[in-house]
Amino acid sequence: MKPVYYEEGVLKLIDQTKLPTELIIRSYTDYREIAKAIVVMIVRGAPAIGVTAGYGVYFGALEYVNETKEVFYDKMKEVCALLASTRPTAVNLFWAIKRMGCVLQTNSNKECSQIVELLKKEADDICAEDIQMCRDMGKYGAELIHAGDTILTHCNAGALATADYGTALGVIRAAHEAGKNISVYADETRPLLQGARLTAYELHAEGIPVTLITDNMAGWMMKQGKIDGVIVGADRIAVNGDVANKIGTYSVSVLAKAHGIPMYVAAPTSTIDFAMKSGDEIVIEERDCREISHICGIQVAPDGVAMENPAFDVTPHQNVTAIITEKGVVYPPYDINIPKLSGEK
Ligand code: MRU
């Protein structure tokens with residue numbers, strides 16, 4: 001299940017706003033349309049957004065390849081700025097644009113056509129590396145899961161949120177593939193229901209036992225001893241181990257701590273913001289309140305009522321048992337152990 005891939009001159013995105021009832025694959029060659037697809041969440045999930053933005057930069061460059069070098073570089077600034085303005089919280093977006101920017105910078109002496117080729121290669125590399133990172137995370141993370149465990153997850157940190165395989169769901173997949181006989185509770189994840197629409201869809205399609213619950217049921221499931229561990233993804237991790245992820249993750253972490261249940265975060269090092277000391281600095285995306293007042297187009301709240309719609313929250317590092325990365329499992333103290341991952345291959 002690849003939500004983002006390049007094929008014969010076109011960027012293909014699974015339209016995740018239509019899942020699970022319709023599987024529609026959309027085609028893109030215009031970077032403006034690619035930026036829009038990120039904003040309206042046709043593509044979503046931190047690593048998948050990063051991969052998409054990489055190809056967005058490439059398609060922007062392709063559009064301006066016949067301009068003079070000066071115009072080409074001016075236009076590339078606009079392309080990168082537009083893509084960077086789409087969603088503020090997931091650091092993978094900025095990480096991927098920065099990687100593409102480095103290719104632009106270090107090859108400024110070459111012909112525009114050569115630069116465009118190098119950008120395509122970088123976008124392909126970002127995509128391929130993401131899949132490999134998910135597989136490696138899966139391998140490390142599966143060791144933390146015991147045979148017969150039931151895992152709670154929140155939002156969708158699956159294949160649909162990455163180039164393939166997934167972060168939190170990658171760990172779950174790897175444990176399932178290792179024959180650990182695990183099962184999953186999926187929080188539905190209001191307001192946009194990524195858990196119900198995407199996680200339940202992905203796991204069910206693959207035959208991994210999954211039970212869907214509403215967000216407010218998680219605590220009661222824990223109280224009854226039905227949950228052995230929590231695994232979630234991340235949109236940005238600060239150096240002190242504070243984790244921004246889908247709204248509701250913080251509440252799950254508090255519940256897990258109260259019940260003595262381990263709370264794992266699975267994320268590639270591209271999700272770590274090595275420049276950010278703590279989660280207090282993370283910008284939380286505020287989205288249109290129509291996502292709250294309406295469910296699948298049906299109005300569920302009165303006209304004119306006040307609403308707030310933060311799309312993410314920050315789980316304090318004290319609530320995170322360990323962070324699973326493609327380089328291994330990181331334990332507290334995070335402010336000592338996370339910087340060790342910087343620059344390591
Ligand atoms: O708003 P979304 O659907 O893009 O939010 C996605 C999440 O919060 C995921 O948990 C996170 O990006 C990790 S995806 C591997």
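Predicted model: local features only at pLDDT ≥ 70, side-chain atom pairs only at ≥ 80, totals over all residues.
**Note on helix packing, ligand contacts and backbone geometry**

1. The crossing of the two helices is left-handed.

2. The residues that form this contact are as follows. Sorted by class, the contact of α1 with α2 comprises 7 nonpolar, 3 polar and 2 charged residues.

3. A further pair is formed by α4, residues 91-106, and α5, whose axes approach within 9 Å and cross at roughly 150 degrees. α4 and α5 are therefore roughly antiparallel to each other. Their crossing is right-handed, whereas that of α1 and α2 is left-handed.

4. On the α4 side, W95, A96, R99, M100, V103 and L104 take part, and they meet I115, L118, L119, E122, A123, D125, I126 and E129 in α5. The contact of α4 with α5 has 10 nonpolar and 4 charged residues, with no polar residues.

5. Helix α5, which spans residues 112-142, also packs on α6, residues 168-177: the two axes come within 7 Å and cross at roughly 65 degrees. α5 passes α6 in a right-handed crossing. The contact involves M137, G138, K139, G141 and A142 of α5, together with G170, V171, A174 and A175 of α6. Its residues divide into 5 nonpolar, 3 polar and 1 charged.

6. Turning to the ligand, which residues come nearest? Of the 19 residues around the ligand, these are A46, R87, D235, N245 and K246.

7. A backbone N or O atom of G45 lies 2.9 Å from an oxygen atom of the ligand. In the case of Q194, an N or O atom in the side chain is 2.9 Å from a ligand oxygen atom. Q194 falls within the range given for α7, 194-205.

8. Cis peptide bonds deserve attention when the backbone is inspected. One joins R190 and P191, with omega of about 10 degrees. P191 is found in the loop between β5, residues 183-187, and α7, residues 194-205. Another cis peptide bond joins P332 and P333, with omega of about 0 degrees. P333 lies in the loop that runs between β15, residues 328-330, and α11, residues 334-337.

9. Where in the chain does E8, with its positive phi, lie? E8 is found in the loop between β1, residues 4-7, and β2, residues 10-14. Its phi is about 45 degrees, although E8 is not a glycine.

Key
Residues numbered from 1 in each chain as written. Heavy atoms only, no water. Left-handed = near helix turned anticlockwise from the far one by under 90°. Helix = DSSP H or I, 4+ residues; strand = E, 2+ residues; numbered from the N terminus. Nonpolar A, V, L, I, M, F, W, Y, C, P; charged D, E, K, R; others polar. Near = heavy atom within 4 Å. Polar contact = N/O pair within 3.5 Å; in protein donor to acceptor, adjacent residues only side chain to side chain. Axes fitted to C-alpha atoms, helices over the stretch in contact; angles between N-to-C directions. Contact = heavy atoms within 4.5 Å. Parallel < 35°, antiparallel > 145°, perpendicular 65-115°, else oblique.
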